[in-house]
Amino acid sequence: MPDQAADESTGRARLVAALRRPTSRSQLTAGVLLGVLGFAAVVQMHSSDQADRYAGASQEDLIQLINAQAVAEERVEDQIAALEATRNELEGHTADTEVALELARRQASALGILTGTSPAVGPGIEVAVDGPPLSVGSQELVSGIQELRSAGAEAMQVNGVVRLVGSSSIVDGPGDSVIIDGTQVAAPFLIEAIGNAAALEKAVFFPDGFAEDIESADGEVSVRRLNRVEITSTRTVSPPQYAEPVPEG
Amino acid sequence: MIGAIGLALGILLGFVLEPDVPFWMEPYLPIAVVAALDAVFGALRAFLDGIFDDKVFVVSFVSNVLIAALIVYLGDQLGVGGQLSTGVIVVLGIRIFSNVAAIRRHLFHA
């Protein structure tokens with residue numbers, strides 16, 4: 001290296017000279033490279049402005065970020081699967097409950113007709129019984145009702161006010177009347193029964209049966225087949241006090 | 001003079017075009033810029049020392065950029081990309097500071 005002081009002054013002088021006289025191959029080269037540098041620097045600044053969160057991150061950091069995302073996604077997917085399973089289960093439960101409810105409803109309506117707690121409607125017959133005073137008593141009525149029941153009568157009522165069920169009792173009342181389940185019913189009697197009309201009619205006119213019984217006492221029995229018999233009277237059933245259902249299984 | 005014009009032109013171009021950095025270039029560009037900066041300051045010092053040679057400048061500029069990119073690439077492959085980048089930046093920063101100190105001594109005699 002030459003003399004220090006002389007070098008310094010010439011260095012400064014060279015710079016001033018270069019700034020004043022700008023045409024030379026070396027200056028052109030430097031200009032091009034400086035241009036490239038400026039361009040790259042600006043582009044880099046711009047891009048790191050854009051994505052400053054991930055631009056400086058190394059490959060491992062990015063992989064870690066991606067892994068974290070994957071783990072989070074897996075967890076969320078697990079949650080989705082669990083929730084979907086729960087939803088399906090609940091839907092299954094609801095369907096089961098609805099089926100059970102429907103079954104119970106059907107059973108209840110069948111039992112309602114059987115026990116007389118609900119009104120019933122259907123094809124059947126209407127039996128009108130009339131006769132001279134004191135010719136028709138509880139005995140005749142009971143046998144007639146029994147025959148109707150054996151012929152498959154599903155629901156019956158007398159004079160539109162008393163429902164006849166399995167536990168109904170009939171006793172003679174004062175004068176020309178009977179007492180059915182505590183309700184006084186007076187002649188003439190009208191028994192309405194739902195069932196197979198032909199079979200029921202046959203049961204009434206059975207030889208030595210109900211009709212002949214009444215007629216032998218100078219009474220009169222007439223039967224009308226109806227497509228629609230409405231049994232509107234009902235009875236209330238109190239829950240059994242002593243009997244309990246035997247548990248299944 | 002042309003150098004100053006070229007620098008201004010490059011900066012202007014960058015601002016006007018606002019190109020996105022290509023994906024494959026993303027990890028290398030910042031280091032490359034610092035390496036190029038080092039080459040430029042080295043060249044300015046050489047110019048003031050009176051030993052500037054444009055051929056040497058071009059070679060040092062290009063090789064600086066390439067080596068910086070290579071080191072970053074190697075670091076990424078070895079799994080120490082972040083640390084190696086930091087090391088390169090530190091070394092280049094020290095060189096830039098020493099070059100600038102020499103330039104300052106030339107221009108201000110201080």
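**View 1. The surroundings of A:Ala193 in a predicted model.** Beyond its neighbours within four places in sequence, A:Ala193 is in contact (C-beta atoms, placed from the backbone, within 7 Å) with A:Gly124, A:Ile125, A:Leu148, A:Ala153, A:Met156 and A:Leu200. A:Ala193 and A:Met156 have the most contacts inside the largest nonpolar core, which has 31 residues. Such a core is a set of buried Ala, Val, Leu, Ile, Met, Phe, Trp, Tyr and Cys residues joined through C-beta atoms within 7 Å, where buried means that 20 or more other C-beta atoms lie within 10 Å of the residue's own. This is a predicted model, in which local features need pLDDT of at least 70 and side-chain atom pairs count only at pLDDT 80 or more, while totals for chains, interfaces and linings use all residues. Residues are numbered from 1 along each chain as its sequence is written, and chains are lettered from A in the order in which they are written.

**View 2. The open sheet of chain A.** Five strands (DSSP E runs of at least two residues) follow the order β3-β2-β7-β1-β8 with antiparallel pairing, a pair needing at least two DSSP bridges. Because β3 (162-164) and β8 (220-231) of chain A stand at the edges with a single partner strand each, one side of each is left without a neighbour in the sheet. Three bridges join β2 (residues 155-158) of chain A to β3(A), and A:Gln157 has A:Arg163 as its bridge partner there.

**View 3. The side of chain A that touches chain B.** The contact takes 36 residues from chain A and 41 residues from chain B. On the chain A side, α2(A) gives the most, with 22 residues.

Notes:
Buried ≥ 20, exposed ≤ 12 C-beta atoms within 10 Å, placed from the backbone. Contact = placed C-beta atoms within 7 Å. Helix = DSSP H or I, 4+ residues; strand = E, 2+ residues; numbered from the N terminus.
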